[in-house]
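Here is a short briefing to read beside the model. Keep the structure open and find each residue as you go.

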Amino acid sequence: MIKTNLQLKLKCWIVFAVTLCCFSPQLCAQSQHRIIEILADRDSRYKIAGQKQPVITAKPGEELTLRITARKAQTQNRDGSVHGLTLLRAKDKKPVDGWDLLLKPGTHDFEMIAPAEPGEYVIVCTVICSPDHEMMNMRFVVEP
Amino acid sequence: MRNCRPFLVAAVLMTFFVVAGSTIRADGEKTFTGEIADSQCALGVHSLDRSHKTMIKMGNAGKTSADCTRYCVKERGGKYVLQTKTDVYKLDKQELAEKNAGLKVKVTGTLDPKTNVILIGTIEAIPEK
């Protein structure tokens with residue numbers, strides 16, 4: 001009788017452990033956003049490792065973590081921001097709600113949601129960071 | 001005592017209106033004098049003039065402060081703001097600000113101190129001397 005009880009408990013633990021193993025990666029995947037590392041550099045350029053012309057590609061409404069490292073170029077805002085990051089719809093330059101970041105020096109994480117509307121977008125710097133400030137742009141594509 | 005009641009009621013009412021009136025006045029409309037600028041140029045460490053000059057020098061922002069202000073809002077994701085000698089205020093009615101872009105103005109309105117937004121009543125351009 002005691003042996004049967006122990007066997008039953010053991011079976012329960014095995015079932016529990018197998019279930020946990022099966023579902024935990026999915027749970028982790030659901031709770032973690034895709035992390036995109038961006039360098040807002042001192043030469044007034046956005047950079048993404050491994051990309052010559054940096055582009056961010058996302059799904060409509062995708063949750064993203066932007067891990068941005070900002071380095072001061074030549075000038076900054078009064079509040080100490082050395083670069084900005086604003087997302088505009090490419091066809092009419094309309095700002096996307098919630099995408100208006102001011103970047104202080106150092107590395108910071110920003111939880112963002114990609115626009116719901118597929119299409120071409122452009123990221124621009126909003127701090128007059130150097131004479132090259134206007135070149136500080138990056139493509140952002142929302143795939144259908 | 002009964003004869004006094006109307007006077008007491010009147011006194012209480014008067015006190016209420018005086019207190020309420022002063023509160024409304026304290027939180028009420030003010031006049032702010034400054035320039036309608038774009039957030040990008042106004043928030044930089046340099047003077048507004050120098051920020052506009054830097055942008056104009058880059059080649060795409062037109063030739064005047066008004067051109068630069070409109071360019072920074074329409075093409076670079078900026079917003080119209082009021083820059084005074086000491087502060088930069090956000091403005092609620094962007095379309096009213098747009099008409100006065102780059103101009104020295106008097107803005108009459110109510111400041112929300114929590115958001116630093118002026119709820120615009122009127123904007124009046126100040127003629128250049």
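Val82(A) is buried, because 23 other C-beta atoms lie within 10 Å and 20 or more count as buried. Bear in mind that this is a predicted model. The points below start from this residue and then move on to other parts of both chains.

**Around Val82(A)**
- Val82(A) sits in the loop between strand 4 (63–70) and strand 5 (83–89) of chain A.
- Leaving out residues up to four places away in sequence, Val82(A) touches Ala70(A), Lys72(A), Ala73(A), Gln76(A), Leu103(A), Lys104(A), Pro105(A), Val127(A) and Cys129(A).
- Asn5(A) is 77 residues from Val82(A) along the chain, and their C-alpha atoms are separated by 66 Å.

- Ser44(A) is not a glycine, yet its phi is positive, at about 60°.
- Look for Ser44(A) in the loop between strand 1 (34–40) and strand 2 (46–47) of chain A.
- Is Ser44(A) buried or exposed? Ser44(A) counts as buried, because it has 20 C-beta neighbours inside 10 Å.
- Asn116(B) is a residue other than glycine, and its phi is a positive value near 65°.
- The loop between strand 4 (104–112) and strand 5 (117–125) of chain B holds Asn116(B).
- Asn116(B) has 12 other C-beta atoms within 10 Å, so it is exposed.

**The barrel of chain B**
- In chain B, 5 strands close into a barrel. Their order is 1-2-3-5-4, and the pairing is mixed.
- On average, neighbouring strands of this sheet are turned by 55° against each other, direction ignored.
- Strand 1 and strand 4 of chain B pair in the antiparallel sense, over 6 bridges.
- Which residue of strand 4 of chain B stands opposite Glu35(B)? The residue opposite Glu35(B) is Lys104(B).
- Helix 4 of chain B packs on the sheet and touches strand 1 and strand 2 of chain B. The direction of helix 4 makes about 75° with that of strand 1 of chain B.

**Helix 4 of chain B**
- Helix 4 of chain B covers residues 65–76, which is 12 residues. From first C-alpha to last it reaches 15 Å, close to the 16 Å expected at 1.5 Å a residue.
- The buried residues of this helix are Ser65(B), Cys68(B), Thr69(B), Tyr71(B), Cys72(B), Val73(B) and Arg76(B).
- Within chain B, these buried residues pack against strand 1 (30–38), helix 2 (39–42), helix 3 (48–58) and strand 2 (80–83). They also pack against strand 8 (119–124) of chain A.

**Helix 3 meets helix 4 in chain B**
- Two packed helices are described by the angle between their axes and the distance between the axes.
- The axes of helix 3 and helix 4 of chain B come within 10 Å and cross at roughly 75°. Helix 3 of chain B is therefore roughly perpendicular to helix 4 of chain B.
- His52(B), Met55(B) and Ile56(B) in helix 3 of chain B meet Ser65(B), Cys68(B) and Cys72(B) in helix 4 of chain B.
- By class, this contact has 4 nonpolar, 2 polar and no charged residues.

**Where the chains touch**
- How many residues of chain A are in contact with chain B? There are 14 residues of chain A in contact with 16 residues of chain B.
- On the chain A side, the residues divide into 5 nonpolar, 6 polar and 3 charged.

Key:
Residues numbered from 1 in each chain as written. Chains lettered and ligands numbered in written order. Predicted model: local features only at pLDDT ≥ 70, side-chain atom pairs only at ≥ 80, totals over all residues. Contact = placed C-beta atoms within 7 Å. Nonpolar A, V, L, I, M, F, W, Y, C, P; charged D, E, K, R; others polar. Helix = DSSP H or I, 4+ residues; strand = E, 2+ residues; numbered from the N terminus. Expected span 1.5 Å × (residues − 1). Axes fitted to C-alpha atoms, helices over the stretch in contact; angles between N-to-C directions. Parallel < 35°, antiparallel > 145°, perpendicular 65-115°, else oblique. Pairing = 2+ DSSP bridges.
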